[in-house]
Each structure stands twice: as C-alpha cells, then as structure tokens.
Amino acid sequence: MVTFEAKGTPGASTLPAARVRRIIKEDKDIAACGSDSLYMITRAAEYFVDSLVRESYEFSRLDKRKTVQYKDMAKAVQSIEQYDFLGDIIPPTVTLKKTTNEKSQQ
C-alpha cells in the first residue's frame, strides 16, 4: 500500500475548487455543497488520484521505466481490487492485431 504524504499549505488543496464544485453540481441529487464539504471532497479526490498514480508508477518501474503510461494505469485498475469500478473507464490495452483477429472471426 502506498501512503500519502501531506504537502503544501494546510487548508489549501492542489485541485482547483471551482472545477470540483462544477463536477459536484453535475450530480442532480446534491442540492448544495458547503465550503467545508467542498474542501473535504477536493482532498479526497487528491488522495484518490495520488493513490492511483503511485500504484500505476509501480507498474512502470516493473517495466524499468520512469514514465507512467496508459498501460500502467490499466494494469493497476485490473490488478487492484479497490479500482474495480474504473474497469469500464480505463480498460486494458489491446493490440491492433488482436482486435483485427477478433473482428475477422465474427
């Protein structure tokens, strides 16, 4: 498990609050969101993104690379249970040859 280290100014977040508020407003079930709630949701999103990127980075290190690529994120989503809900958003990579063979068999 990768741990998150607090960085920056206490009470400040890395993600822009206006963007997070806009995302929250997309949910019709939420009528209003106070500033304290907005801050906590923003921090939770930061923790989530940090965790996903760190886990993805571990897969890039296994391939002896320093750059995280899509395939590393897809491997993290496939292999770590807490990211199962992202399976449709970040599917595993498929080669063109495999896709072509599947289409020709149908």
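Modeller: What follows is a chat about the labels on this structure, which is a predicted model.

Biologist: Let's begin with the fold. What secondary structure does the protein have?

Modeller: Four helices and zero strands. Going along the sequence, the pattern reads α-α-α-α.

Biologist: And how much of the protein is buried?

Modeller: Of the 106 residues, 22% are buried. The accessible surface is about 8,400 Å², and carbon and sulfur atoms account for 56% of that.

Biologist: Which residues make up the largest nonpolar core?

Modeller: There are nine: Leu52, Phe59, Ala74, Ala76, Val77, Ile80, Tyr83, Leu86 and Ile90. Helices α2 (35-62) and α3 (70-79) each put in at least two residues, and α3 gives the most, with three.

Biologist: Which residues of α3 are buried, and what covers them?

Modeller: The buried ones are Asp72, Ala74, Ala76 and Val77. Their cover includes α2.

Biologist: Now Phe48. Why is Phe48 called partly exposed?

Modeller: Phe48, which sits in helix α2, has a relative accessibility of 32%. Buried would need under 20% and exposed over 50%, so with 32% Phe48 lands in between and counts as partly exposed.

Biologist: On to charges. What makes Glu58 and Arg61 a salt bridge?

Modeller: Their closest N and O atoms are 3.4 Å apart. The cut-off is 4 Å, so the pair qualifies. Both residues lie in helix α2, three residues apart, or about one turn of the helix. As a general point, an α-helix has 3.6 residues a turn, so residues three or four places apart point the same way.

Biologist: Are Glu58 and Arg61 buried or partly exposed?

Modeller: Glu58 has 34% relative accessibility, so it counts as partly exposed.

Biologist: How many salt bridges does the structure hold, and which residues are linked in a network?

Modeller: Six salt bridges. Asp63, Arg65, Asp72 and Lys75 are linked in a network of them.

Biologist: How do you know that Arg65 bridges to Asp63 and Asp72?

Modeller: Check the N to O distances: 3.2 Å for Arg65 with Asp63, and 2.7 Å for Arg65 with Asp72. Each value is within 4 Å, so both pairs count as salt bridges.

Biologist: Why does the Arg65 and Asp63 pair also get called a polar contact?

Modeller: Their side chains make that contact at 3.2 Å. The limit for a polar contact is 3.5 Å, so that pair passes on distance here too.

Biologist: Where is Arg65, and what is Arg65 in contact with beyond its sequence neighbours?

Modeller: Arg65 is in the loop between α2 and α3. Setting aside neighbours within four places in sequence, Arg65 is in contact with Ser60, Lys71 and Asp72.

Conventions
Residues numbered from 1 in each chain as written. Predicted model: local features only at pLDDT ≥ 70, side-chain atom pairs only at ≥ 80, totals over all residues. Heavy atoms only, no water. Core = buried A, V, L, I, M, F, W, Y, C linked by side-chain atoms within 4.5 Å. Buried < 20%, exposed > 50% of the residue type's maximum accessible area, 1.4 Å probe, protein only. Areas by Shrake-Rupley, 256 points an atom, 1.4 Å probe, with all protein chains shown as cover. Contact = heavy atoms within 4.5 Å. Polar contact = N/O pair within 3.5 Å; in protein donor to acceptor, adjacent residues only side chain to side chain. Salt bridge = Lys/Arg side-chain N within 4 Å of Asp/Glu carboxyl O.
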